[in-house]
There are 2 protein chains.
Amino acid sequence: MDLLLIEDDGMLGQAVEIGLSERQFSVQWVRTGAAAISESQRAPYDAVVLDLGLPDLDGSRVLSALRKKGQLMPVLVLTARDDSSETVKLLDLGADDYMVKPFDMNELAARLRALVRRQRGQASAELVVGPIRLDEVNFQVLVDEQRINLSRREFELLRALMTSPGRVHSRDKLEQVVFRNEQQVESNALEVHVHNLRKKLGNKEWIQTIRGVGYRLACK
Amino acid sequence: MDLLLIEDDGMLGQAVEIGLSERQFSVQWVRTGAAAISESQRAPYDAVVLDLGLPDLDGSRVLSALRKKGQLMPVLVLTARDDSSETVKLLDLGADDYMVKPFDMNELAARLRALVRRQRGQASAELVVGPIRLDEVNFQVLVDEQRINLSRREFELLRALMTSPGRVHSRDKLEQVVFRNEQQVESNALEVHVHNLRKKLGNKEWIQTIRGVGYRLACK
DNA sequence: ATAAAGACTTAAGGAAAACTTAAATTGATC
DNA sequence: GATCAATTTAAGTTTTCCTTAAGTCTTTAT
């Protein structure tokens with residue numbers, strides 16, 4: 001998915017660019033509102049991540065300029081503090097979602113995915129595989145309509161598997177997703193999480209292990 | 001997956017329609033080339049199964065007519081006899097695969113699935129030989145649509161054989177592939193793997209041994 | 001027909017990968 | 001700082017797989 005990132009701060013911009021790239025987004029990063037507007041007309045984007053407090057224009061003006069140019073893609077706003085008056089204003093102007101800094105990269109990715117999915121008419125911001133339903137925005141998982149409680153790692157693991165059910169996900173890929181940038185794990189932590197997740201899902205057949213390779217979510 | 005079946009023979013048409021329906025395809029069956037062309041424009045199909053020897057148009061003209069109308073979906077041709085000059089002509093005209101009658105329904109289904117998958121860009125990383133489908137990405141092997149479980153060595157062995165079916169693979173080459181860099185084997189390990197693989201494939205004829213040379217995969 | 005060579009079959013021992021469990025560590029919350 | 005949940009480590013267990021080896025069967029050559 002192609003994203004347009006509008007962020008003037010170098011550190012934060014780089015962090016977001018890398019973080020989203022690692023999560024399978026294709027990110028175009030611009031630093032000014034003016035650049036954002038011209039870039040948005042050069043190529044189609046699936047969504048925009050807009051930081052408030054840009055140097056040349058403030059966020060709300062960038063947003064309304066985008067909309068005036070006929071750009072209808074979803075816009076997620078990053079805001080410094082949880083100031084309801086401002087966020088309400090933004091949502092009125094046509095922002096689709098917002099997050100307060102500092103934010104979690106996984107959550108940002110999840111919300112973006114949900115926005116794009118909704119935009120495409122795929123309504124449910126949910127991944128559904130067989131009797132498993134995973135709500136990426138609310139961090140909820142239902143199995144046979146029963147809510148189950150997953151830890152963060154378990155949730156990430158399940159989400160990764162559910163994004164392409166039936167496909168084998170290599171250990172390496174899964175470790176990248178589950179443990180993110182955090183210190184490299186040199187133990188069997190992944191196996192432990194798989195074990196616990198299987199237990200919580202109730203059916204140990206669902207997550208199949210491909211010896212020497214990784215794991216797969218059985219899609220039936 | 002939606003298929004357009006072009007077949008004038010009633011018996012055969014019905015057999016194919018039922019056979020493919022049972023295998024989760026949605027089949028639209030037409031009996032003439034003219035009907036095929038109008039039907040192909042009415043709705044989008046994932047693939048076409050085209051029998052040669054239709055009453056109103058011969059197969060190659062139907063095929064080129066389809067392509068002229070901008071229909072890009074994969075086309076699998078059913079042909080009466082294995083006449084290489086004709087099949088070459090068809091492949092030139094834009095057919096994607098062909099099978100000689102009488103054919104095995106499982107193999108037809110397998111080939112269609114492979115075609116559609118390849119069309120969708122979902123990594124044509126699948127080898128299909130007769131009723132055997134080997135998915136190189138997901139480390140999965142199906143025989144007659146039934147999943148079978150192969151160990152790493154068995155999988156490598158089968159993959160090697162399937163990359164050029166019908167050709168003889170020397171013992172040495174196979175050992176290189178199966179045992180990779182690992183220590184040279186000075187036992188009959190390869191034979192044991194061949195034996196186990198044959199057992200798992202269910203048909204011991206598939207893998208033929210060429211005494212003093214090696215093995216060959218031949219299943220039809 | 002018989003011997004020799006090559007291939008097949010089977011079973012056992014050991015190694016590698018994955019599973020399971022529990023304890024130690026971390027991190028957040030009050 | 002105490003507590004609780006989440007996470008990682010570590011160690012023991014189980015499972016699966018691979019190799020070896022020995023015996024049997026098949027083919028080929030004499």
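## Basis of the model

In this predicted model, local features need pLDDT of at least 70 and side-chain atom pairs count only at pLDDT 80 or more, while totals for chains, interfaces and linings use all residues. Residues are numbered from 1 along each chain as its sequence is written, chains are lettered from A and ligands numbered from 1 in the order in which they are written, and side-chain values use heavy atoms, with hydrogens and water left out.

## Chain A against chain B

Eight residues of chain A and six residues of chain B form the contact (heavy atoms within 4.5 Å). The two chains bury about 550 Å² between them, 42% of it on carbon and sulfur atoms; buried area is the accessible area (1.4 Å probe) lost on putting two parts together, summed over both. Of the area that chain A buries against chain B, 61% comes from A:Arg167, A:Val213 and A:Arg216, more than from any other three residues.

Phosphate oxygens of DNA strand D lie 2.4 Å from a polar side-chain atom of A:Ser151 and 2.9 Å from a polar side-chain atom of A:Ser187. For B:Arg153, a side-chain N or O atom is 2.6 Å from a phosphate oxygen of DNA strand D.

Definitions and conventions: A polar contact is a pair of N or O atoms within 3.5 Å; within protein, one must be able to donate a hydrogen and the other to accept it, and residues adjacent in sequence count only if both atoms are side-chain atoms.
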